[in-house]
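Please examine the structure shown below with its sequence at hand. The paragraphs that follow lead from the overall fold to the aromatic rings, and then to a pair of packed helices.

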Amino acid sequence: MSTAMPAAHPFDDDKLREECGVFGVVGVTDASNFVALGLHALQHRGQEAGGIVTHDPDTGFNQQRRMGLVRDNFTSAAMMERLPGTIGIGHVRYSTAGSKGQTAMRDVQPFFGEFSMGGAAIAHNGNITNAMSLRRELIERGSIFQSSSDSECIIHLMARSMGRNIPDRMEEALRKVEGAFSIVAMTRTKLIGCRDPLGVRPLVLGKVGDGWALASETCALDIIGAEFVREIEPGELVVVTEKGVASHFPFRPNRARFCIFEHVYFSRPDSILGGRSVYETRENIGRELAKENPVDADLVCPVPDSGTPAAIGYSLESGIPYAMGIIRNQYMGRTFIEPTESIRNMGVRLKLNVNRALIKGKRVILVDDSVVRGTTSRKIKEMILDAGAAEVHFRIASPPTQWPCFYGVDTPQREKLLAATMTEDEMRDHLGVDSLKFISLNGLYRAVGETKGRDPNAPAYCDACFSGEYPVAPSDMIEQGFQAKTAAE
């Protein structure tokens, strides 16, 4: 795993990226169609590549991997006919480990392995923080790796296990893994789901007809008409067959530390996390932001689309009118994958355009979900001022992002994070805005339902990107020289 950033995409280069989405079904006719629909609903979690594996008694295991979007690859009848069967899993990828920003086909999941008791495929969302040391050890013992992905370690650990069946082998393998993992796997007849003991990344269970589904988010259950049954618990491993769900807890119990940034940005607003509507949580974040950081202004405008629910909450709490001051071009997408230099220089304007008639002469509050490197924020501020705004005030629906994530999120090196090198006032001056304010960490915790705020002795969430407190030591990165937070910080 490397923390170097891929070459920045010219239009969307200033957001943290969720690594992956996983989905699986068992006990349904034409499982691959359900998997493709589920992956389509999870496309926001990874747009670089996708893959589907199915099993059919006549043809055995079938797999297809493609670069690009689900809609461009897994919609033709000819493609889906290559994926027969009543059980299947799939994966959408945005690389954080392996060849970052230049995914090789061999890194595209799900990964498949043939074991003594039959084949198994595995799809992983998260990051294994001891993958490098595991990989070294496995290679020394004769394992031959096909990909640069940390997830492949799990397949090799399973191959070396002496477990009686594949779920047992997976259990044994995952006990050796550190970091964050939400996993969907399959054998010929079983769908397997597992979350790491801290439950950093999400995984949910649904009922679809006579069959079952596992997904990263509830929005992927909605698209196939599945009923949301429950979340897979942190540290839980479920084995799902057409007959039902068997649950195991193979790890030492641990206090859950779900990723708080899933609430802020990664998950779709129409998903449910921890029994809470993501949309309502984001609206609450906007309300807390307005309470903590009021300012006299004429309009509250979201930076679309991720800032929209928080902007609505800010407007409702402050009484300042909400307005669509920036319009997103929904069709920019694939037209400009390889832009010419002149188009590249237009930058963010290809994606966002200012509603000039609305903005002119107004004091504008811009609400966004985060500031990572500040590049996009500066461009948006310039566009707003060019349109004649009298004042520009940024309000950010997360605390300052000061530390990289090692649990499945693509984060720049620490020195490239604006908040790691500047104070809030210095960031305000760097961005050239009239004011810049972030929600406090306590305010964010209140917005997600922790009424007393963050308990510093026992935080309810993983918030390492804000606090620098890593619930699992990033051992590979420390070995490479990463400086963890000191007591003084």
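The protein chain contains 18 helices and 25 strands, as seen in a predicted model. Of the 489 residues in the chain, 59% are buried. Among the contacts with a separation of 6 or more, 69% are made by residues 24 or more positions apart.

The aromatic rings deserve attention next. The structure holds 12 aromatic pairs. One of them joins Tyr-407 and Tyr-470, whose ring centres are 6.3 Å apart and whose planes stand at 70 degrees. Planes over 60 degrees apart count as edge-to-face, so the pair of Tyr-407 and Tyr-470 is edge-to-face. Tyr-407 belongs to the loop between strand S22 (391–396) and strand S23 (409–410), while Tyr-470 belongs to the loop between helix H17 (464–467) and helix H18 (475–479); the pair therefore ties together parts that are 63 residues apart in sequence. Tyr-407 and Tyr-470 are both buried.

A further pair is formed by Tyr-445 and Tyr-461. Here the centres are 5.7 Å apart and the planes are at 80 degrees, so this pair too is edge-to-face. Because Tyr-445 lies in helix H16 (residues 441–447) and Tyr-461 in strand S25 (residues 461–462), the pair ties together parts that are 16 residues apart in sequence. Tyr-445 and Tyr-461 are likewise buried.

At Trp-212, Lys-207 lies over the face of the ring, at 4.7 Å from the ring centre.

The last topic is helix packing. Two packed helices are described by the angle between their axes and by the distance between those axes. For helix H9 (residues 278–292) and helix H10 (residues 308–318), the angle is about 45 degrees and the axes are 6 Å apart. How are H9 and H10 oriented to each other? Angles under 35 degrees count as roughly parallel and those from 65 to 115 as roughly perpendicular; H9 and H10 are therefore oblique to each other. Their crossing is right-handed. Residues of H9 that make the contact include Tyr-279, Arg-282, Gly-286 and Leu-289. On the side of H10, the contributing residues include Pro-309, Ile-312, Gly-313 and Leu-316.

Terms used. Residues numbered from 1 in each chain as written. Predicted model: local features only at pLDDT ≥ 70, side-chain atom pairs only at ≥ 80, totals over all residues. Heavy atoms only, no water. Phe/Tyr/Trp six-rings, centres within 6.5 Å; stacked < 30°, edge-to-face > 60°. Helix = DSSP H or I, 4+ residues; strand = E, 2+ residues; numbered from the N terminus. Buried < 20%, exposed > 50% of the residue type's maximum accessible area, 1.4 Å probe, protein only. Lys NZ or Arg CZ within 6 Å of the ring centre and 35° of its normal. Axes fitted to C-alpha atoms, helices over the stretch in contact; angles between N-to-C directions. Parallel < 35°, antiparallel > 145°, perpendicular 65-115°, else oblique. Left-handed = near helix turned anticlockwise from the far one by under 90°. Contact = heavy atoms within 4.5 Å.
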